[in-house]
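Thanks for coming, everyone. Please take a look at the model on the screen before I start.

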Amino acid sequence: MLSKFRQRQTLSLDLERLRRYAVAAPMYGWVKTYRYLFDLSQSDLGRLMGVSQRRIDYIEENEANGRIELATLNRIAKVFDSELYYIDRKSTRLNSSHIT
C-alpha cells in the first residue's frame, strides 16, 4: 500500500493530467446543450428518462443555478450513452501542506 504522501502525489499528478480536458459548463448548462445537440425537446428527453416535461424544465433550471444533483446528471448521461466525470478543479497544485 502506498504511503499517504505517495497517494497525494499520485492524485495530484492525475488531476494535473485531467485539467487539460476540463471545460467550463456551457452558458445554458450541459443538459440543455446536449438536448439541443441531439435535437430533443424537453418532452422528448422526459420520455427517455421516464419523467415529465416539467421535471426536465426543473432540472435545467437547477443546473443553471448550480443546484443540480450528481445522481440526476448521471441519469441524464445514461440517456445519451455517456459517462459523467465530475472534477473539482483547484486553482493551486495539491501538495502535502494543503492536507492535515
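First, the ground rules. This is a predicted model, where local features need pLDDT of at least 70, side-chain atom pairs count only at pLDDT 80 or more, and totals for chains, interfaces and linings use all residues. Residues are numbered from 1 along each chain as its sequence is written, and side-chain values use heavy atoms, without hydrogens and water.

Now the pocket. On a 1 Å grid over the protein atoms alone, a pocket is an open set of points with protein on both sides within 12 Å along at least five of seven lines; lining residues have an atom within 4 Å of a point. The largest pocket has a volume of about 1000 Å³, counted as the space filled by probe spheres set on the points. Its lining has 29 residues, with Val-23, Trp-30, Leu-84, Tyr-85 and Tyr-86 nearest the centre. By class, 23 are nonpolar, three polar and three charged. Helices here are DSSP runs (H or I, at least four residues). Which helix gives the most to the lining? That is α5, with four residues.

Next, the helix pair. The axes of α2 and α4, lines fitted to C-alpha atoms over the stretch in contact, come within 8 Å and cross at roughly 125 degrees. Contact means heavy atoms within 4.5 Å. On the α2 side, it involves Trp-30, Val-31, Lys-32 and Arg-35. On the α4 side, the residues are Ile-56, Ile-59, Glu-60 and Glu-63.

Last, Thr-33, which sits in α2. Thr-33 and Glu-60 are 27 residues apart in sequence and 9.8 Å apart in space, C-alpha to C-alpha.

Definitions and conventions:
1 Å grid on protein atoms, 1.4 Å probe; cavity = no way out; pocket = protein on both sides within 12 Å on 5 of 7 lines; lining within 4 Å. Helix = DSSP H or I, 4+ residues; strand = E, 2+ residues; numbered from the N terminus. Nonpolar A, V, L, I, M, F, W, Y, C, P; charged D, E, K, R; others polar. Axes fitted to C-alpha atoms, helices over the stretch in contact; angles between N-to-C directions.
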